[in-house]
Structures are given as structure tokens and as C-alpha cells.
Amino acid sequence: MNIAGLLSNPDFKEKHILQKLIMEYTECSREEMWINWDIEISQDIYDKIIRGYKLSTEEKMPLDYVLWHVSFFGKEFIVNENTLVPRPETEYMVQAVTEHIQYSKSSNLSNPSNLSNPSNNLILMDIGTGCWVLWTSVLLQNPEQISTVFFTDISDKALLVAKQNVDKHLQWFKQEMIFIWTDLLAFVDNYKEVWQDKSIVLVANLPYIPEQMFDQNSPENVQKREPRLAFVWGEDWLVYYRQMLDQMPEAMKKTTICFFEMMTRQVEILAKEYQKDRHFEEVKTFHFNIRIVKATYRN
Ligand SMILES: C[S@@+](CC[C@H](N)C(=O)[O-])C[C@H]1O[C@@H](n2cnc3c(N)ncnc32)[C@H](O)[C@@H]1O
């Protein structure tokens, strides 16, 4: 069997899935696949392609799980069924955080009175890290500004995947990397000496989808295969963000800038509830219903 024979086989209706599997297992680019359409595929590779196709189309496994990797912000990350497949909207979070870090850096440089508090000593906290695409991408772009990174998740299995991604992408990085299995900010008191009096950037893309909406609207492969824990939490979809903001110690509130991902209609609710403490600003919009929000402390 050659590539052309496989691609033109009418039994395989999901051509984009078939093409991705061919590219993956024959280790070729899209262009090479078309140029080499008459090349024979070995039985071993053919079997892998067919198995992957069935897993994806019949057993509803997202293709990224079949392939064990996903592309995010220009890099390949390991994923498996213990981590949510990172979504394109979360790339906007990377952009928002990077813009913030770069802006802080340039304003520090242009204002000599700020130089005693340089922005190259930032602490990053990723609450609900999943496979850790967020901070890897931020770190890769801002290596000089960051001193310590906390990766936290309530899923120990997700943290194992995060660790693999850190080893893959950041093995040469000198920053202190701390992995913590924890419920939201339950860990912070134990790490006071690390974060106290430092500037902290906290990102959280916590489960924010109402349970009923998830059950009614999300695709079958998401419901069947991705970890429910990563999407929903009970009836009240802002519970996580509230809990986290309420857990934050006073000393940390003042030095922490938060970036959250949530649905458009949730922003106003949270901003109103926390207006005494925090100023909420929508910094990125994905389609019409997802926002990246920056929450800064009100002095
Ligand atoms: C929407 S996923 C986000 C994953 C990743 N940060 C991203 O943006 O692609 C939410 C993550 O929060 C984690 N999580 C759920 N409840 C948590 C809790 N109480 N404390 C810490 N992490 C939690 C889930 O295990 C999951 O990895």
C-alpha cells in the first residue's frame, strides 16, 4: 500500500485525521506527503495509522491524545488523558502575560527610581497547570525576567505530564521550578520565604464551564475522553476563582498580578464582587465569549 492508495481509500472518510496520522508515522511534512504519494508504507506503519484512525473516529479519542502531543504557541507538548488538550484561546493568555512582563521591564528601565525593584526577579505561579503549556511558553519568551516558577495542580497525574514537558523544553533553564500537588493556593503559606516581598504573576485557567452547559454542549470526544475535572466544578462556575482570591494572604495580594481565563459574562460578576480589592481589566478577547482578564491590586 502506498500513501496515495491509503488517501484515496473511501473507507477513510475523515481525511484530515488520516493525513495527520500519515505525517506523524511516516515522519514527513504535509508537502513531503504529497510529493512522496507513491512511496510504499510498511505494514508496521500501516497498522499504526489504522489503529490511530480507529481510536480517533470510533473510540472518540482526541487526535492529540492518539499522537501524545499537541502544538501550542509554536512548540510541541506532551499530552495524555490526564491533562486537558490546551486550547488556542489559552495562547492569548501567553501573549497577555508576555506583554505585561515586557511592559514592566521597559517602564523599570525608563524610570531609574524603579531600578531597586527590577523585573528580573519575578515569581510565576501557574494554578491548575495541566500539561504546563502556559508557563513553558511564557518562560521561553522571557527567560531573563523570571526567577522562580510554581507549577500546581490538584491532579498528580497532570503534574507528571507537566514535569515531562519541563524536562523536554526547559532542561537548560536555571530558574527554580517547584511542582506542587495542591488545592488552589493551599500551598502558599509554606513557601512564604520564596515569594514574600517579590513581584508575583499568577495565571489561572481554572475550570469555569457550568456543569449543565458542559453536559449539553461539549463534543462527545471531550466529554468521553478529557478530564472532567479540568472543565467543570459544580453548579456555580465561579467557585474556583472566588476560592482562590479569598485564599490569598494579604501580603501576597499587594504584590500579585493575576491573569485569568473565563467567559465574557463571568468577568463582570467577579469584577463587581472583588471591586474593593482588585481592578479587573479585559486584556484579550477570543471570539465573542472568552476573555483573558488582568486583575491588579487596588491601593
Ligand atoms: C482548564 S484546565 C487548564 C490547564 C492548563 N493550565 C491550560 O491552560 O491549558 C484546569 C486545570 O486545573 C486543575 N484543577 C482543577 N481543580 C483544581 C484545584 N482545586 N486546585 C488546583 N488545580 C485544579 C485541573 O486538574 C486542570 O489541570
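Modeller: Strands (E, at least two residues) and helices (H or I, at least four) are DSSP runs, numbered from the N terminus. The model is predicted, and local features need pLDDT of at least 70, side-chain atom pairs count only at pLDDT 80 or more, while totals for chains, interfaces and linings use all residues. Residues are numbered from 1 along each chain as its sequence is written.

Colleague: How many bridges join strand S1 to strand S2?

Modeller: In general, strands of a sheet pair through backbone hydrogen bonds, either parallel or antiparallel. Two strands count as paired if DSSP finds at least two bridges between them. Here S1 (residues 69-72) and S2 (residues 75-78) run antiparallel and are joined by 4 bridges. Phenylalanine 72 has lysine 75 in S2 as its bridge partner.

Colleague: What is the order of the strands in the open sheet?

Modeller: The open sheet has 7 strands in the order S5-S4-S3-S6-S7-S9-S8, with mixed pairing. Strand S5 (176-181) and strand S8 (278-286) stand at the edges with a single partner strand each, so one side of each is left without a neighbour in the sheet. Neighbouring strands are turned by 20° against each other on average, direction ignored; axes are lines fitted to C-alpha atoms, for helices over the stretch in contact, and angles run from 0 to 180 degrees between N-to-C directions.
Within the sheet, S7 (residues 256-263) and S9 (residues 290-297) pair in the antiparallel sense over 6 bridges, and glutamate 261 stands opposite isoleucine 292 in S9.

Colleague: Which strands does helix H8 touch?

Modeller: Contact is judged by C-beta atoms, placed from the backbone, that lie within 7 Å. Helix H8 (residues 156-169) packs on the sheet and touches S4 and S5, its direction making about 165° with that of S5.

Colleague: Which residues come nearest to the ligand?

Modeller: A residue is near a molecule if its C-beta atom, placed from the backbone, lies within 6 Å of it. Of the 21 residues around the ligand, Gly128, Gly130, Ile154, Asn205 and Ala230 come nearest. Helix H7 (133-141) and strand S4 (146-153) each supply at least two residues of this shell.

Colleague: How is the protein divided into domains?

Modeller: Domain bounds come from an automatic or database domain assignment. This protein is divided into domain 1 (3-59) and domain 2 (89-297), with C-alpha centres 38 Å apart. Its secondary structure comes to 14 helices and 9 strands, and 34% of its 299 residues count as buried.

Definitions and conventions. Two residues are in contact if their C-beta atoms, placed from the backbone, lie within 7 Å. A residue is buried if 20 or more other C-beta atoms lie within 10 Å of its own, exposed if 12 or fewer, and partly exposed in between; C-beta atoms are placed from the backbone.
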